[in-house]
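Have the sequence and the model open side by side, and let's walk through the fold together.

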Amino acid sequence: MVTTSFPATRIPPTLGVLLAGGLARRMGGGDKPMRTIGGRTILERVIARLSPQCSGLILNANGDPARFAAFGLPIVADDVPGFPGPLAGILAALDWTAANRPEIGWVLSAAGDCPFLPRDLVALLHEAREREGAELAVAASGDQSHPVIGLWRVALRDELRHALVVEDLRKIDRWTARYPLATVTWPAEPLDPFFNANTVEDIAEAERLATLDDAS
């Protein structure tokens, strides 16, 4: 079991970005976070899980922002063209934070289709980063890394933009490999907190897991 003794007062102000910019090809298109499980949309579940852990939330999404208006979050689109992947969403969040919340030095990214995120996600990532003297921190469960779920230093945004625009770098783990990186591993049983709904079949499994999660 992952536990922390990291006091809440030691957690730096951290903005959360929910990454919802993907194309959901395996579901036939559309917005995966808007699918419903256990009577609530996936996005509602993500917001409820991360709001208590973050100093505010924003949503990274492309296309018409009006479809997310009911959630009341700032909508930040990629400014790197061509749907280059989650790094573009992370960059958009770092730039938005620098411009709108300059007192915040860290961004927590999370996939908008992960409804069961840990309640101690931000605290444990910061604890590991500080303990190991790392520049970045990412999550894992079982034997699988989840680099899209991690802590990013706002001050690295210019380096990330160079990697995306000049070097055409797309894979998150290729970028994180350039910096001291802390990894925190959560147990994957009885419920993997980083389960994500990629296919129609995953939605059925998510319904089952939602019963476990709601009971915890």
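Two strands count as paired if DSSP finds at least two bridges between them. Helices (H or I, at least four residues) and strands (E, at least two) are DSSP runs, numbered from the N terminus. A quick word on the source: this is a predicted model, where local features need pLDDT of at least 70 and side-chain atom pairs count only at pLDDT 80 or more, while totals for chains, interfaces and linings use all residues. Residues are numbered from 1 along each chain as its sequence is written, and side-chain values use heavy atoms, with hydrogens and water left out.

Now the sheet. It is open, has seven strands with mixed pairing, and runs in the order β5-β4-β1-β6-β8-β7-β9. At the edges sit β5 (75–76) and β9 (181–186); each has a single partner strand, so one side of each is left without a neighbour in the sheet.

Further in, β1 (residues 14–19) and β6 (residues 106–111) run parallel, joined by six bridges. Here Leu15 stands opposite Val107 in β6. On the other pairing of β6, four bridges join it to β8 in an antiparallel arrangement, and Trp106 faces Arg153 in β8. Next, β7 and β8 pair antiparallel over five bridges, with Val138 partnered by Gly150 in β8. These two strands form a hairpin with two residues between them, and Gly142 in the turn has a positive phi of about 60 degrees.

What about the helices? α2 (residues 86–100) and α4 (residues 157–166) have axes (lines fitted to C-alpha atoms over the stretch in contact, with angles from 0 to 180 degrees between N-to-C directions) that come within 10 Å and cross at roughly 145 degrees. Contact means heavy atoms within 4.5 Å. Among the α2 residues that meet α4 are Leu87, Ile90 and Leu94, and on the α4 side you'll find Leu160 and Leu164, among others.

Finally, the inside. A nonpolar core is a set of buried Ala, Val, Leu, Ile, Met, Phe, Trp, Tyr and Cys residues joined through side-chain atoms within 4.5 Å, and buried means under 20% relative accessible area (1.4 Å probe, protein chains only). The largest such core has 42 residues, and Leu50 and Leu121 have the most contacts inside it. Leaving aside neighbours within four places in sequence, Leu50 touches Leu18, Leu57, Leu108, Ala110, Leu117 and Leu121. A second, separate core has 27 residues, including Leu15 and Ile90.

Key. Buried means under 20% relative accessible area, exposed over 50%, partly exposed in between (1.4 Å probe, protein chains only).
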